[in-house]
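Have the viewer open as you read.

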Amino acid sequence: MVASVASATADVSRLTIQRTSSNESATSVSLRHGYIETPFTGKKEQFEQVLDILDSTGFIPENLIESEAKWFYEHLGIDDVFFARESAEEIASHIHSLYSTKVQAFAIAGAASNTSELPPLIQYKREADDHAVFFDTAGPNSRNKFDELIDDKYIDPSSSGSSTSYRAEYFSAPLNHSTDPILAGIAQQNPDRLKNQFVKCHFVYKNLYANEGVSEDETDIDKVGDTTFLKIASPNTKQVYSEIIKEVLKATGPVIKHYSIDDTEEYRVVIGYRQKTLARYNSALSDLANYYKLHTTRKYVEQFANGVTIISMYVASNSKNPLVDLSLYQVIKEASLLYCIPHNFFHDRFIKGELSLQESIYAQCGVIFVTHFLNRLGPEFNKLSTLLDASRSLQHAEVLNALKKRLRAETYTQNFIKEVFDLRSDIVRKLYRQFADVHYVRSSMEKTLSYQRLSQITSVGTEEEFEHLLSRECSQNEHHAVVLRALYMFNKSILKTNFFILTKVALSFRLDPSFLPETEYPEIPYGMFFVVGADFRGFHIRFRDIARGGIRIVRSRSLDAYNVNVRNLFDENYNLASTQQKKNKDIPEGGSKGVILLDPGAAQDKPKQNFEKYIDSLIDLLLKQFIPGSKEAYVDLYNKPEILFLGPDEGTAGYTDWATLHARSRGAPWWKSFLTGKSPEIGGIPHDEYGMTTLSVRSYVNKLYEKLNIDNATIRKIQTGGPDGDLGSNEILLSRDEKYVGLVDGSGVICDPHGLDKTELLRLAKERVMIDHYDRSKLSKDGYIVLVDDVEVKLPNGTVITSGVAFRNTFHVKVKEVYGIDGVDLFVPCGGRPAAIDTNNVEELIDSKTGKSVIPYFVEGANLFITQSAKLVLEKAGAVVFKDASTNKGGVTSSSLEVLAALAFDDKGFLNNMCVDSVTGEKPQFYTEYVKQVQQKIVANAQAEFESLWALNQLSGTPITLLSDKLSISINKLGDELANSKELWNDDVGFRNAVLLDSLPKLLLDVVGIDNILQRVPEAYLRAIFATRLASSFVYTRGIDANPAKFLEFISSIRKDYIQRGLLNA
């Protein structure tokens, strides 16, 4: 019989407050456990009921019934809460089961000569809907097989938003066999069998909250606590937990406290963290205590209704260990590192004591680094690439690209690299010593256990000594040497890391990118961050010191998709940042990009939690903070201030407010400018609300119509990226009279050769919902919708679509098949994965009879949707193609001007002029006018570049795709030279200030003033404004093949213009 929640609650109510004779306290509060040790008033009565049930069953011999029941009640360390919640029938069932396991253990006690070959003495579990019980016997530091099961099934799935939530209690006590006849018999047969054995009991209970649906910001423990917890927790525990809950709600990572227990050798470690932020942390904490030879006597896992979990561990040394304080310190220190990655690739070796936690997590970071950066192409590929010049032949480029992908996919896989690390763990440990020697702050480590262990490892020494080590140890396997050299390269590239900071949520490394091979990455980035979390890996790349770009989250629908994403992750990040660098030619910031790849499985449903960890770990390395007990100093080999300017991208638009406010809470002086795309209430200019990105794309479309004298009403158009997205929705809203014949988004495909209902599309765009919300009654007889989950769908023409996902993923290259050779005029990609059109499928868009593109006009709104080679194929086939680096720059222009305002205003001015009232929604007058000026600037920049590209193409016949790159390269190259010119910046202050006055928005100058701007905006940023203005104006007006004489003439002409306009004195 299973006790219901209601009956369990009623029994718990019989837990009484025991009155004592002491005048000091009216309650018996256990300082040892932090929970009230009060007798269950019905315990004796229950015990008698259990005896009666055992007797009536007849399974246990009558002379053993009382001893078996007493053993269960008195010798397993179980507290009265368990007995209060369980029925007599359930307890009798537990006693029966445990009795049978002991009988079985007795039967096989003498069967094996080696004790390790025998199963545990007792191993038993019983699970019901509202509770579960687990018993196990093992050594004090042996791993409990039930730990991970309880995490996976009960602890980790619990959350404030789920219908079920569970708390857990754990007790461990020495196995008392002297009073148990069966166990005593086992001891006689095999004395070693019971030596140093402990009974480990887990009890899991379904939470029952007095207040359902409480806010995640609620901190009142009486409102968020489980009814049982509120009954059994001591006042001291409630106070401690209340304080931890408040800290957790303000923090990103764990809050860790520790207390010594009076008159005992025990310590209490209390850790609070947000639910659903990581998996198996509870069991990993047990592994950590075991590693340092600490015995966990009790553990409580409490889940609160506001989404906070608190784990309370009671630990003691297994023996009279003089280093127990150091062991405890190490557990507390490493609990944060463990939070970053609770179960690393080498966790089994950590459990066995073969690797320390630091060594095993360092090894995991190394495996991921080597997976991405091991040069797998080799000298043979480099030689082949010189013979097959990709710049001169599309066929050569295609062959080299295919070969590169195959080499990367089939050589030195992540699993192979892990195997090498496992086999060569001694060398990996030496490399960890080399890493720690550089980055472990020495003043805090001499006496720690981790340092004592570290000092026993010999470092790899110099590069020459390392090569000698490899030649000795890996002489028979060069592949192993190649992998280990890449790990050595990882060490050498690290400029700073948060690895040894006390509190962190993910591991971040600032890398020197010079290790990247030029054959694969011809333009070496300026800066690079590498981030590893429990459920993700990520990068951030920038091509200038002052650079801007969005952070995108990459998700995977399947394990196969994840493996593809792993292989492409860094290249995608590099290419996106490189494209951003070209795109940002009109603004002071260079190009950057960040990517976060979520691990397969449960991590796919935790994008926000992983974004937060990524951001917080970046901030760790952007701020030099020393907060005793929280943020320790780190070794900074870069030793220069760094600021990142980030923005939203795929999957992160909803998280920018949090990142901005979190930067402020971390004390970052640049918090106002850290993130763009934030809410207007904190000074953001939403791209989607004002159509910033789309304004630039539409400028190209409109200018194309103007140049070719096209009536937009005659245009038949397809688009990837649907009405739910920023770019897709605004493209629909600004599409004038164009006729949509096809749309693709995350939900599927909608097609109608006769034209989709424009009013219905506008409704979807305004509501920001996917095309699966389209009213099917508005389709013509030839129209259809195929969603990603559809299978075996028959189209109006009789074609059967076997897979909706496959159809969605390839629809953009099925134009001939769906519409014929002249059914589409314009393709505007507004979303989709990079390289969706490449040299492998671009021929699908070419009419084989005429060699002409079946779509005459492409305006690429989505980043990298069409590869460079494919664009050139399309242009050769007669299409007009405008690439992303030219068209999709409205968003970055808006973001740049948003950042400029944030830098120019002080906090008060920022609040008054850039922040929309959160209650009334009223926008400051400055904000409204500033947004209009931003929109005008976006359109002006786009039109200026269009005119330049069009004129250059008409004059030279060079493909617009190549001209776009040349234009960007010319502006960026000249801009970098001008930014570094001391003569122009320092020697002619009047001219410098005139350029700034001409560059800065008039409204900002009127309200803030040039003097305040010069004082508040960092000089590096002002230099970039100055240089970018001159470079872009020069190239747009004088062309890409400029010479010094032309530039001097240009400077002379703008001097005259500035004098005429009163910006510069004659």
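## Cavities

A cavity, found on a 1 Å grid over the protein atoms alone, is a set of points where a 1.4 Å probe fits but cannot get out, and its lining residues have an atom within 4 Å of a point. Grid points are joined across faces, edges and corners, and a volume is the space filled by probe spheres set on the points. The model is predicted, with local features needing pLDDT of at least 70 and side-chain atom pairs 80 or more, while totals for chains, interfaces and linings use all residues. Numbering starts from 1 along each chain as its sequence is written, and side-chain values use heavy atoms, leaving out hydrogens and water.

Counting those of 30 Å³ or more gives 10 cavities. The largest cavity holds about 100 Å³ of space. Around the largest cavity sit Pro-140, Ser-142, Asn-144, Asp-147, Tyr-170, Lys-200, His-202, Ser-286, Asn-290, His-295, Thr-296 and Lys-299. Strand E4 (198-206), helix H11 (281-291) and strand E7 (294-303) are the elements giving two or more residues to that lining; E7 gives the most, with 3 residues. Helices (H or I, at least four residues) and strands (E, at least two) are DSSP runs, numbered from the N terminus.

## The second largest cavity

This one has a volume of about 80 Å³. Lys-333, Glu-334, Leu-337, Gln-358, Phe-499, Phe-500, Ile-501, Leu-502 and Lys-504 line the second largest cavity, and helix H12 (residues 324-340) supplies the largest share, 3 residues.

## A helix crossing

How do helices H14 and H21 cross? The axes of H14 (residues 357-373) and H21 (residues 478-493) come within 9 Å and cross at roughly 105 degrees, which means that H14 is roughly perpendicular to H21. That label covers angles of 65 to 115 degrees. Axes are lines fitted to C-alpha atoms over the stretch in contact, with angles from 0 to 180 degrees between N-to-C directions.

With contact meaning heavy atoms within 4.5 Å, the H14 residues Tyr-362, Cys-365, Gly-366, Phe-369, Val-370 and Phe-373 meet Val-483, Ala-486, Leu-487, Met-489, Phe-490, Asn-491 and Ser-493 of H21.

## Aromatic pairs

Rings of Phe, Tyr and Trp (its six-membered ring) pair if their centres lie within 6.5 Å, and planes under 30 degrees apart count as stacked. The count is 71 aromatic pairs. One of them, Phe-346 with Phe-421, is stacked, at 6.3 Å centre to centre and 10 degrees between the planes. Phe-346 lies in the loop between H12 and helix H13 (347-351) and Phe-421 in helix H17 (residues 414-423), so the pair ties together parts that are 75 residues apart in sequence.

Note on methods: 1 Å grid on protein atoms, 1.4 Å probe; cavity = no way out; pocket = protein on both sides within 12 Å on 5 of 7 lines; lining within 4 Å. Parallel < 35°, antiparallel > 145°, perpendicular 65-115°, else oblique. Phe/Tyr/Trp six-rings, centres within 6.5 Å; stacked < 30°, edge-to-face > 60°.
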